[in-house]
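Hi everyone, thanks for coming. Let me put the model up on the screen, and then I'll walk you through a few spots that I'd like you to look at.

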Amino acid sequence: MRAILNRMNDSGAKELKGAFELWRRLLLLFGLAIGFWLFAYASPAPLVRVEPVDMERQQRREIERPFVTEEQRRLAALPLEAYVQAVAGENLLTLQTTAWPDFTQNMRLLAGQMVPKEWKHRVQKETMKSGYTPRAYFRPEEAPVAGWFNQAASHTAPLYLALENQGQEPLYAKLTPLPAPLSSFSLGGGSAFDLPPAGMIRTARAYGYGVMLAGLLFYWGLPRTRRHQGAMAYPGFKTRLADVAMVMLFLVFYTMPFLISCGSLQAVTIALPLTVIFWGMAGLSLWIMYINAWTASFEMVVAHDSLVMESYRGRVVVSFSDIESFQPVVKESPRWMRRMTWLGFLISKGSMKFIMASQLVTGAGTVAQGVRLNLRSGAVMDFWITDQWYQEMLVGGSGLVNYLKAAGIPKEPQPARDRTLSYLPASKAWRKGPMVVPLLVMLAVLGVVISGSFLL
């Protein structure tokens, strides 16, 4: 035992490794958060949509609509050249195909439902799958688009090109300025068909992959705390499973606003109220990861006159002379959580009622068991030996009772009850801390249950 304590006195390395347990989780969540932000980033920079236009077909469709106006009848009766002039107005630019052979060839391929090799990164592939005429996207400063708009009468209205070749019908192209490619997007109504290709607006996606990979490497690469032989500690694999579960919970709620608004920048502008709600729910995982970091770095050794606990928070020594008594303790669900679950059960319908019923049964029939130390100062410390499924939580913790009896500490036969959500061996002051985060999460979950009940 003395050898173990001597090794634990090497506090410099111990505290450093303990701090790694916190930093590995913080860097993992930070890397995933920043990485997904860059992955979902949609640039608001303006673009120009270029598409071939069949003017003859467009003119025929003027009078093929369910409701036809007098203006549409007039346009349908015009000669083709006059119709093109009427539609394009002053923004009609006539070019010779011999001056722009590459552009003309690529436009003919688009008109034939084919994607030019040079324009693969400019064409939205969803249009090809849907059978629509492919559209290509350029930036306003790119050639030759920039030069053509400099010759246009209006830089905000669509520009029509008439590519003429001797003895052939002109090939028409429409260039539409898009000041903000996502400006017309409404929540819940986004469509991949309406968006430019990913390479044109997801300009930071490659950096997102690197940041997420860096977060994962920090999590797996930073040194882990080495447990001393004979010390009481929590199983490492359970802590890692909890990390995986919390990362999944974090990503689900953190990335939901990005999916709804089609971009991370849009999530904090047009969808800001929704983002605040989802990110508040994602914050629950930060709290659990904080506890996991303590769990992974915690270990306790029973000395001849005290309990010595180490974690990334530092060392805590509890002398046997400071312990007035110990007793069994069981953890039950908080009363407010049971009431909220009952309320959800009463107002839910369909399959949601069965889900809430199972939550009631599970919450009422499962309790964690441990040992409570009643300190002479009036504080208490709870050490949880088994979880709600009666599986061992603190490895070696079952022998804690024998150590306390051997030290002459009296045992109170009546078990105590704990209704908090924490498994930390904390004092009364900590356990009476605010429960705002879990309460807000429970309210949000209840809202989802209520909404789902009416949708089913």
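Before we start, one term: a residue is buried under 20% relative accessible area, exposed over 50%, and partly exposed in between, using a 1.4 Å probe and protein chains only. What we have here is a predicted model, where local features need pLDDT of at least 70, side-chain atom pairs count only at pLDDT 80 or more, and totals for chains, interfaces and linings use all residues. Residues are numbered from 1 along each chain as its sequence is written, and side-chain values use heavy atoms, with hydrogens and water left out.

With that in hand, Val115 is partly exposed, at a relative accessible area of 30%. You'll find Val115 in the loop between helix 6 and helix 7. Helices here are DSSP runs of H or I with at least four residues, strands are runs of E with at least two, and both are numbered from the N terminus. Val115 and Pro134 are 19 residues apart along the chain, and their C-alpha atoms are separated by 7.4 Å.

Gln113 sits in the loop between helix 6 (101-111) and helix 7 (125-130). Gln113 is partly exposed, with 32% relative accessibility. As a reminder, most residues other than glycine have a negative phi, and most peptide bonds are trans.

Pro144 belongs to the loop between strand 3 (136-138) and helix 8 (145-150).

Now, please find helix 10, residues 205-221. Its buried residues are Gly208, Met212, Gly215 and Tyr219. Viewed down the axis of helix 10, these fall within an arc of 55°, taken from the directions from the helix axis to the C-beta atoms, so they line one face of the helix. Ala206, Tyr207, Leu217, Trp220 and Gly221 are exposed on the other side of helix 10.

Last stop: helix 11 (residues 236-261) and helix 13 (residues 272-297). They pack at about 165° with axes 9 Å apart, the axes being lines fitted to C-alpha atoms over the stretch in contact, and angles running from 0 to 180 degrees between N-to-C directions. The two helices are therefore roughly antiparallel, a label for angles over 145 degrees.

Thanks, and over to you for questions!

Notes. Angles under 35 degrees count as roughly parallel, over 145 as roughly antiparallel, 65 to 115 as roughly perpendicular and the rest as oblique.
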